[in-house]
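Subject: Structure handover and what turned up in it

Hi there,

Here is the structure you were waiting for. Please load it first, then read on for my notes.

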Amino acid sequence: NKGILMSYFHLPLIIIALIISNSASADEQAKIQAGKLLDAMQVQKTLDVAIPITLDGLLKQSPKLVPYKGVMLDFLTKHMSYDALKPELITLYSSEFTETELVELSTFYSTPTGKKFIHKQPSLFEQGSQLGAKRVQDNLPELEKMLSEEMARIKLQEEQNK
């Protein structure tokens with residue numbers, strides 16, 4: 001009877017160990033699939049193109065930084081490159097998508113349409129950045145007015161609180 005009783009006590013522990021083991025295995029498989037998805041999405045190529053585009057946009061907005069372009073490019077390449085971000089991207093994607101979803105996404109990005117999207121993505125990113133900058137520029141007077149009104153409101157509130 002003692003042996004049977006001890007088996008009942010160990011059974012929950014065995015079940016918990018199996019659940020944890022399967023969970024860790026599933027997490028690891030999701031991470032493997034996330035890495036495959038990043039490769040299928042050609043994230044490395046995208047970042048290689050996006051970093052200089054982002055830097056050029058920043059330099060257009062702040063021309064005083066142009067002499068530091070090389071240093072800034074080195075910094076961005078070091079901290080924003082695919083190699084620097086890959087482990088965290090894998091964790092991010094594997095926490096947001098199931099292993100099955102990651103496989104489905106990889107499959108899509110391997111199709112002609114998925115490959116076309118990947119090919120067009122840097123251009124879309126650049127055009128989207130330009131569109132956003134133009135929209136802000138076109139509406140700058142409105143922003144300036146809103147900021148001016150808010151500064152006046154804050155100033156009045158501070159004076160009332162004195």
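Below are the conventions, then the fold, the core and its rings, and finally the pockets.

This is a predicted model, so local features need pLDDT of at least 70 and side-chain atom pairs count only at pLDDT 80 or more, while totals for chains, interfaces and linings use all residues. Residues are numbered from 1 along each chain as its sequence is written, and side-chain values use heavy atoms, with hydrogens and water left out.

**Fold**

The protein chain has 7 helices and 0 strands, where helices (H or I, at least four residues) and strands (E, at least two) are DSSP runs numbered from the N terminus. Along the sequence this reads as α-α-α-α-α-α-α. Of the 162 residues in the chain, 18% are buried; buried means under 20% relative accessible area, exposed over 50% and partly exposed in between, with a 1.4 Å probe and protein chains only. Taking contacts (heavy atoms within 4.5 Å) between residues at least 6 apart in sequence, 71% join residues at least 24 apart.

One backbone detail for you: Gln42, in the loop between H1 and H2, has a positive phi near 55° although Gln42 is a residue other than glycine. Gln42 is partly exposed, at a relative accessible area of 31%.

**Core and rings**

The largest nonpolar core has 15 residues, and Leu38, Val43 and Tyr109 have the most contacts inside it. Such a core is a set of buried Ala, Val, Leu, Ile, Met, Phe, Trp, Tyr and Cys residues joined through side-chain atoms within 4.5 Å. Two or more residues of this core come from each of helix H1 (2-40), H2, helix H4 (82-96) and helix H5 (99-109), with H1 giving the most, 5 residues.

Tyr109 deserves a look of its own. Tyr109 is buried, with a relative accessible area of 14%, and beyond four places away in sequence it touches Leu37, Ala40, Met41, Gly114, Lys115, Phe117 and Ile118. Tyr109 also forms one aromatic cluster with Phe108 and Phe117. The whole structure holds 3 aromatic pairs: rings of Phe, Tyr and Trp (its six-membered ring) pair if their centres lie within 6.5 Å, and planes under 30 degrees apart count as stacked, over 60 as edge-to-face and the rest as tilted. The ring centres of Phe108 and Tyr109 are 5.0 Å apart with planes at 70°, so this pair is edge-to-face. Phe108 is partly exposed, at 34% relative accessible area.

**Pockets**

A pocket is an open set of points on a 1 Å grid over the protein atoms alone, where a 1.4 Å probe fits, with protein on both sides within 12 Å along at least five of seven lines; lining residues have an atom within 4 Å of a point. A volume is the space filled by probe spheres set on the points.

The largest pocket has a volume of about 290 Å³. Of its 13 lining residues, Ile53, Asp56, Gly57, Ser129 and Gln130 are the closest to its centre. Helix H2 (43-61) and helix H6 (112-138) each supply at least two lining residues, and H2 gives the most, with 8.

The second largest pocket, of about 150 Å³, is lined by Leu47, Ala50, Ile51, Thr54, Leu76, Met80 and Leu85.

Best wishes
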